[in-house]
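Let us walk through this structure together, one piece at a time. Have the sequence and the 3D view open as you read.

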Amino acid sequence: MMNDPKIGMSLIVKTVTRLTVGLILLFGIYIVLHGHLSPGGGFAGGVIIALSFVHLMLAFGKDVALKKLSKNLASNLESIAALMFLSIALFGFFGGAFFSNIINKGVPFQLFSAGTIPLSNLAISLKVGVGLFAIFLALVILEESKRK
Amino acid sequence: MELHLLLLFMIVGALIAVEAKDLLSSVVAVGAVGFALCLAFLILKAPDLAITQLVVEILCLIILIRATLRKDLPLVIKGRWFFNTLGTLAFIAVFLFFAHTALQELPGFGHPIMAVVKRYLQQGTAQTGAVNLVAAVILDFRAYDTLGEATVLFASVIGIMAVLRRPGRIK
């Protein structure tokens, strides 16, 4: 399915995509995980993760991207991420207030520091990435159903 | 100086986007405006905003090009263009007048009132443990706003997937 010349773009685009799309996804994950240390954060990293899947869909066609991340899985993951962010917020009630940062702060400049901020970054990135991918998927499916 | 050049470039790009004849040229001009805005954020020392603007602009361009590439809608202007132009110019004049009077009251560009922000800058790292103070503000001090933003995105995704679903069977 991946090497079908009728679907998607040309062979050059497909080869370059196969080499780079993993690196794009990895860069998005890096931006998310280091959101409390360097510029970036949940929203930007999530959009980069969504862009890697969009890249896959543009180069190889709809079916290859849907095999990696189907529409139902995208909807479920987005709802789970929204609930995750809300539960992190509710978790703060153990410390007395909504969104209270009660986990151990750790040493600054370490990867595992800053309490709930990396967890919130993870939840937001999952939500943004999967949500934007779902929007793009809905637009593509609509266009295909119009063409038929 | 660079900022003024970028602003001039953005104004020219926006004018081209409005005046271009076909949609693809308009989309490319809008993309140029967005990337210039990204550079402006970088010059104003806001790298977080610059990264977000860059990636969101790329995604928007992909969606816009994908949506407009196949159908070229020609622009039709006829009829009451004189009154339309006159009304637009009058509205812009009124808007600029009120904006000018309102902006007199605000602190000058580059000289913000550092009342609350000073406390964040001094105690942010100690209170949250995050070195990136933007992350400390949006996910700890002002996390309610982020929750609202996440809710808005969730609602918009639900709305888009409800409006753009496959048409149902006709009995």
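## Two chains in contact

In this predicted model, 38 residues of chain B are in contact with 48 residues of chain A, where contact means heavy atoms within 4.5 Å. About 3,900 Å² of area is buried between chain B and chain A, and carbon and sulfur atoms give 75% of that. Buried area here is the accessible area (1.4 Å probe) that two parts lose on being put together, summed over both. Within chain B, the residues that lose the most area to chain A are Arg66(B), Leu139(B) and Leu164(B), together 16% of what that side buries.

How many residue pairs are in polar contact across the interface of chain B and chain A? The rule finds six, with both residues at pLDDT 80 or more. A polar contact is a pair of N or O atoms within 3.5 Å; within protein, one must be able to donate a hydrogen and the other to accept it, and residues adjacent in sequence count only if both atoms are side-chain atoms. Across this interface of chain B and chain A, the rule finds zero salt bridges; a salt bridge is a side-chain nitrogen of Lys or Arg within 4 Å of a carboxyl oxygen of Asp or Glu.

A note on how to read the names and values: residues are numbered from 1 along each chain as its sequence is written, and chains are lettered from A and ligands numbered from 1 in the order in which they are written. Local features need pLDDT of at least 70, side-chain atom pairs count only at pLDDT 80 or more, and totals for chains, interfaces and linings use all residues, while side-chain values use heavy atoms, with hydrogens and water left out.

## The chains one by one

Chain A has five helices and zero strands, and chain B comes to seven helices and zero strands. Helices (H or I, at least four residues) and strands (E, at least two) are DSSP runs, numbered from the N terminus. The C-alpha atoms of chain A fill a box of roughly 60 × 30 × 20 Å along the principal axes.

The table gives the share of buried residues in each chain; buried means under 20% relative accessible area, exposed over 50%, and partly exposed in between (1.4 Å probe, protein chains only).

| Chain | Residues | Buried residues |
|---|---|---|
| Chain A | 148 residues | 45% |
| Chain B | 171 residues | 25% |

In chain A, 65% of the contacts between residues at least 6 apart in sequence join residues at least 24 apart. In chain B, residues 24 or more positions apart account for 42% of the contacts with a separation of 6 or more.

## A core built from both chains

A nonpolar core is a set of buried Ala, Val, Leu, Ile, Met, Phe, Trp, Tyr and Cys residues joined through side-chain atoms within 4.5 Å. The largest one has 41 residues, and those with the most contacts inside it are Val47(A), Met57(A), Phe85(A), Leu132(A), Phe133(A) and Leu59(B). Two or more residues each come from helix H2 (42–60), helix H4 (71–91) and helix H5 (117–147) of chain A, and from helix H3 (47–68), helix H6 (133–141) and helix H7 (143–163) of chain B. H5(A) gives the largest share, twelve residues. Because domain 1 (1–75) and domain 2 (108–171) of chain B both give residues to this core, it lies between them; the domain bounds come from an automatic or database domain assignment.

Leaving aside neighbours within four places in sequence, Met57(A) is in contact with Lys62(A), Ala65(A), Phe133(A), Phe136(A), Leu137(A) and Val140(A).

## A buried charged pair

Which side chains meet in a salt bridge? Those of Lys127(A) and Glu78(A) do, at 3.1 Å from N to O, and the structure holds one salt bridge over all chains. Side chains of opposite charge can pair when their charged atoms come close. Lys127(A) sits in helix H5 of chain A and Glu78(A) in helix H4 of chain A, 49 residues apart.

Is Glu78(A) buried or exposed? Glu78(A) counts as buried because its relative accessibility is 4%, and Lys127(A) is buried too. Beyond neighbours within four places in sequence, the contacts of Glu78(A) include Phe154(B) and Val157(B).
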